[in-house]
Amino acid sequence: MNTGPAATNNPAATSAPTSANSTVATAATATAIVNIAGLVTNDPSLGDHTPLGLIQDAAVVIDGDRVVWVGESSKAPATDNKVDAGGRAVIPGFVDSHSHLVFAGDRTAEFNARMSGQAYAAGGIRTTVAATRAASDEALERNLTRYLDEALRQGTTTFETKSGYGLTVEDEARALRIAAAHTDEVTYLGAHIVSPDLADDPAAYVDLVTGPMLDACAPYARWVDVFCEKGAFDGDQARAILTAGKAKGLLPRIHANQLSYGPGVQLAVELDAASADHCTHLTDADVDALASGNTVATLLPGAEFSTRAEWPDARRLLDAGVTVALSTDCNPGSSFTSSVPFCVALAVRDMGMTPDEAVWSATAGGAAALRRTDVGRLSPGARADLTLLDAPSHVHLAYRPGVPLVSEVWRAGARVA
């Protein structure tokens, strides 16, 4: 079920109007952004009719928090408010569908040791658990907003974030409560690792995660997640955790096949999880399952960069017809970056993606991984989340790696960076 740049059945499209000639509600309230060198709409019915729906010499008209018109700049309807993009490229705001931002401390020493030859393993999470438990609510929220602001300046307008560094009922619930004040895309990840408090009794911890902890956390979350990996949770435990979350109304997603081959991807497809995240070690059967199901393969190249691990094979997935998302996995242990542009450059350089595919996956792909239809695209009816690049083309995100190309960010119709 390929919904990436090789096909036109884009999951970020909706039943909202897709015509570039949708009516502007009120000229006095609408804002036209004109003189856009290249506009990525992610609507294949527009522009060049590729999955990017690229329009050259373009304009976007916003009314309130929505896009109401897109097309050639010379044909833009009259509005009282006009912004000159100055020949910049405009893309949808990035949709970062995988991050871990409610934490305290950092793991500089671990990173330094790893870059000196020590292997990466799941157990390092315990260091962050200790720091997070010791931190106040205020300190955790300050840290969260710091990284959200950092991500926003780099073009991220929609983000998901998880718990997973508390691993007690109280600490997991407070992490989600803090996160829910800043995003609707909140994920319960009590099953990050087995809590150090119950290290000798993982079955008891699974009972906690699927019982009292789930009861306390479900009111704050939309999603339930589990780290299905050696050193964390096996397939049976992961199934029990995700099934319990579904029974509470939470939608499943899963950390799958990051460090080794395992059951995570197959379980994700079986349970109709929105995404299977990491997807580094895949069998042919895993790829076939993803291609035939509705689960997005979310790739997180920051993790491979920061752990010197094997890169996920995006080309293999795309060629098989799998929907691919790109996200940062921003966390203090294995991918301490909030930069989606950096991940786009890594995906093009080291994972076999084209620039078009990488930009689609970081916008529309991320929206698909969150099962959102209002973000990740810039066509009439979409939320007006725009990223202006100090470059004439979206290709510069991969062409000029490490350069701060994001010059302006709009979210829900307002300029925010």
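Predicted model: local features only at pLDDT ≥ 70, side-chain atom pairs only at ≥ 80, totals over all residues.
Helix packing comes first. Two packed helices are described by the angle between their axes and by how far apart those axes sit. Helix 3, spanning residues 137-153, packs against helix 4, residues 169-180, at about 45°, and their axes are 10 Å apart. Angles under 35 degrees count as roughly parallel and 65 to 115 as roughly perpendicular, so helix 3 and helix 4 end up oblique to each other. Their crossing is right-handed. On the helix 3 side, the touching residues are Asp137, Leu140, Glu141 and Leu144, and helix 4 brings in Arg174, Arg177, Ile178 and Ala179. Sorted by class, that contact comes out as 4 nonpolar and 4 charged residues, with no polar ones.

Next up is the pairing of helix 5 (residues 202-210) with helix 7 (residues 235-247), where the angle is about 15° and the axes lie 9 Å apart. Helix 5 and helix 7 therefore run roughly parallel to each other. This crossing is right-handed as well. Helix 5 makes the contact through Pro202, Val206, Val209 and Thr210, and helix 7 answers with Gln237, Ala240, Ile241 and Ala244. By class, there are 6 nonpolar and 2 polar residues in the contact of helix 5 with helix 7, and no charged ones.

Val340, Val344, Ala347 and Val348 of helix 12 touch Pro355, Ala358, Val359 and Ala362 of helix 13. The class tally for the contact of helix 12 with helix 13 is 8 nonpolar residues, no polar and no charged.

The structure has 1 cavity of 30 Å³ or more, and the largest cavity holds about 100 Å³ of space. Its lining is made up of 13 residues. Those nearest the centre of the largest cavity are His100, Tyr120, His192, Asn331 and Ser334.

Methods: Residues numbered from 1 in each chain as written. Heavy atoms only, no water. Contact = heavy atoms within 4.5 Å. Helix = DSSP H or I, 4+ residues; strand = E, 2+ residues; numbered from the N terminus. Nonpolar A, V, L, I, M, F, W, Y, C, P; charged D, E, K, R; others polar. 1 Å grid on protein atoms, 1.4 Å probe; cavity = no way out; pocket = protein on both sides within 12 Å on 5 of 7 lines; lining within 4 Å. Points joined across faces, edges and corners; volume = space filled by probe spheres on them. Axes fitted to C-alpha atoms, helices over the stretch in contact; angles between N-to-C directions. Parallel < 35°, antiparallel > 145°, perpendicular 65-115°, else oblique. Left-handed = near helix turned anticlockwise from the far one by under 90°.
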